[in-house]
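Colleague: Before I use any labels from this model, I want to hear what stands behind them. Shall we go through them one by one?

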Amino acid sequence: MFIDILLAFFCALSFLPLTTGYCAYSYGRSFWLWFALGCVLPIVSFFILFALLYRKEMDRGEQLLAEAKALLAAAEARARGVEIPDQD
């Protein structure tokens, strides 16, 4: 019984660091760094990561870069003869 409670407690505690690490990794940041920060400062690290990602997404230069990458991918696909549906 005690081991079950301990395992449930460990799973609950590891949820936020795993989420923080996964979000960081999906945006090109270090999984292990953000996982460790999530273990040490669970809620604070999640909000810090959220603020960093929000700032990156709202940066006009990053938005233009994403649009340019989408245009280049569409042009490359058209050059190869692959039909891409409009994303508008």
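Modeller: Start with I48, which sits in helix α3 (residues 42-58); helices are DSSP runs of H or I, at least four residues, numbered from the N terminus. This is a predicted model: local features need pLDDT of at least 70, side-chain atom pairs count only at pLDDT 80 or more, and totals for chains, interfaces and linings use all residues. Residues are numbered from 1 along each chain as its sequence is written, and side-chain values use heavy atoms, leaving out hydrogens and water.

Colleague: Why is I48 called partly exposed?

Modeller: Its relative accessibility is 41%. Buried means under 20% and exposed over 50%, with partly exposed in between (1.4 Å probe, protein chains only). So I48 counts as partly exposed.

Colleague: What makes V40, L41, V44 and I48 a patch?

Modeller: Patch residues have over 30% relative accessible area and no salt bridge; nonpolar side chains (Val, Leu, Ile, Met, Phe, Trp, Tyr) are joined within 5 Å, like charges within 9 Å. V40, L41, V44 and I48 form a nonpolar one on the surface, with about 350 Å² of accessible area together.

Colleague: How do you know that T20 is buried?

Modeller: T20 has a relative accessible area of 0%, so it is buried. It lies in helix α1 (residues 2-26). Not counting residues up to four places away in sequence, T20 touches W34, S45, F46 and L49; contact means heavy atoms within 4.5 Å.

Colleague: What makes E76 and R80 a salt bridge?

Modeller: The rule asks for a side-chain nitrogen of Lys or Arg within 4 Å of a carboxyl oxygen of Asp or Glu. The closest N and O atoms of E76 and R80 are 3.6 Å apart, and the two form a salt bridge. The count comes to one. E76 and R80 are four residues apart in helix α4, so about one helical turn separates them.

Colleague: Why is the pair of F31 and W32 called edge-to-face?

Modeller: Rings of Phe, Tyr and Trp (its six-membered ring) pair if their centres lie within 6.5 Å; planes under 30 degrees apart count as stacked, over 60 as edge-to-face and the rest as tilted. The count comes to five aromatic pairs. For F31 and W32, the centres are 5.0 Å apart and the planes at 85 degrees, so the pair is edge-to-face. W32 and F35 also pair edge-to-face, at 5.9 Å centre to centre and 80 degrees between the planes. F31, W32 and F35 form one aromatic cluster.

Notes. Accessible areas come from the Shrake-Rupley method with a 1.4 Å probe; for residues, only the protein chains shown count as cover. Helices (H or I, at least four residues) and strands (E, at least two) are DSSP runs, numbered from the N terminus.
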